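Hi everyone, thanks for making time.

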Amino acid sequence: MPVRVKPAALASDLRLVLGQLMRRLRAEHTFSLTQGAVLGRLDREGSLSTVELAAAERVRPQSMGQTLAELESQGLIARRPHETDGRRTLIDLTDDGRRVLAEDRKRRIGWLAEAIDRELSAEEQETLDRAVALLARLAEL
């Protein structure tokens, strides 16, 4: 009978390993993780307001405002009035934002895909594929 792993120990190990992986991926980033998350969300979901972005990324609207100001100063996003609600402003990716995001994704995915292919056996890659699905479920809680 398999030995049951203690959830607290597994959670601790997982936190450490994910932190290490995120630091390694950060080295491949063109911009901060928060900025990348915002650009990625705008790319996937389209125009959003500051409040919607803050809620989706689980940060305060003031913090999101700072991130958006940085992205706007780099020409990666643009603000425009909402079509029907003059009190709201929507955030859009610019063409430069899409280009920079695509280049950043290519660099990060390229490094990780190469490492997976080079360092993991076919069986380990299948295990990793199953683990990703489990991690995605945890991330949605």
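This is a predicted model: local features need pLDDT of at least 70, side-chain atom pairs count only at pLDDT 80 or more; totals for chains, interfaces and linings use all residues.

Residues are numbered from 1 along each chain as its sequence is written, and side-chain values use heavy atoms, with hydrogens and water left out.

How confident is the predictor? pLDDT is its confidence in each residue, from 0 to 100. The mean for the protein is 91, and 99% of its residues reach 70 or more. Confidence is lowest in α1, with a mean of 89, and highest in strand β2 (residues 89–93), at 96. Those element names come from DSSP runs, numbered from the N terminus: helices are H or I with at least four residues, strands are E with at least two.

Now for helix α2, which covers residues 33–45 and holds Arg41. Is Arg41 buried or exposed? Arg41 counts as buried, because its relative accessibility is 16%; buried means under 20% relative accessible area, exposed means over 50%, and partly exposed is in between, using a 1.4 Å probe and protein chains only. Skipping neighbours within four places in sequence, Arg41 is in contact (heavy atoms within 4.5 Å) with Gly46, Leu48, Leu53, Ala56 and Glu57.

Leu42 is in helix α2 too, and it is buried because its relative accessibility is 4%. Again leaving out neighbours within four places, Leu42 contacts Leu48, Leu53, Ile77, Ile91 and Leu93. Take Ile91: it sits 49 residues from Leu42 along the chain, yet their C-alpha atoms are 7.8 Å apart.

On to the loops. His82 is in the one between β1 (77–81) and β2, and at 18% relative accessible area His82 is buried. A polar atom of the His82 side chain lies 3.0 Å from the backbone nitrogen of Thr84. If you don't count residues up to four places away in sequence, His82 touches Arg88, Thr89 and Leu90.

For contrast, look at Arg58, in the loop between α3 (50–57) and α4 (61–73). Arg58 is exposed, because its relative accessible area is 63%. Its phi is near 60°, which is a positive value in a residue other than glycine.

Last topic: pockets. On a 1 Å grid over the protein atoms alone, a pocket is an open set of points with protein on both sides within 12 Å along at least five of seven lines, and lining residues have an atom within 4 Å of a point.

The largest pocket has a volume of about 760 Å³. Of its 19 lining residues, Leu18, Leu21, Leu128, Val132 and Leu135 lie nearest the centre. The elements giving two or more residues to that lining are α1 (7–26), α5 (95–119) and α6 (122–139).

The second largest pocket comes in at about 460 Å³. It has 14 lining residues, with His29, Gly36, Ala37, Arg44 and Arg108 nearest its centre. α2 gives the largest share of the lining, 6 residues.

And that's my tour, so over to you.

Note on methods: On a 1 Å grid over the protein atoms alone, a cavity is a set of points where a 1.4 Å probe fits but cannot get out, and a pocket is an open set with protein on both sides within 12 Å along at least five of seven lines; lining residues have an atom within 4 Å of a point. Grid points are joined across faces, edges and corners, and a volume is the space filled by probe spheres set on the points. pLDDT is the predictor's confidence in each residue, from 0 to 100. A polar contact is a pair of N or O atoms within 3.5 Å; within protein, one must be able to donate a hydrogen and the other to accept it, and residues adjacent in sequence count only if both atoms are side-chain atoms.
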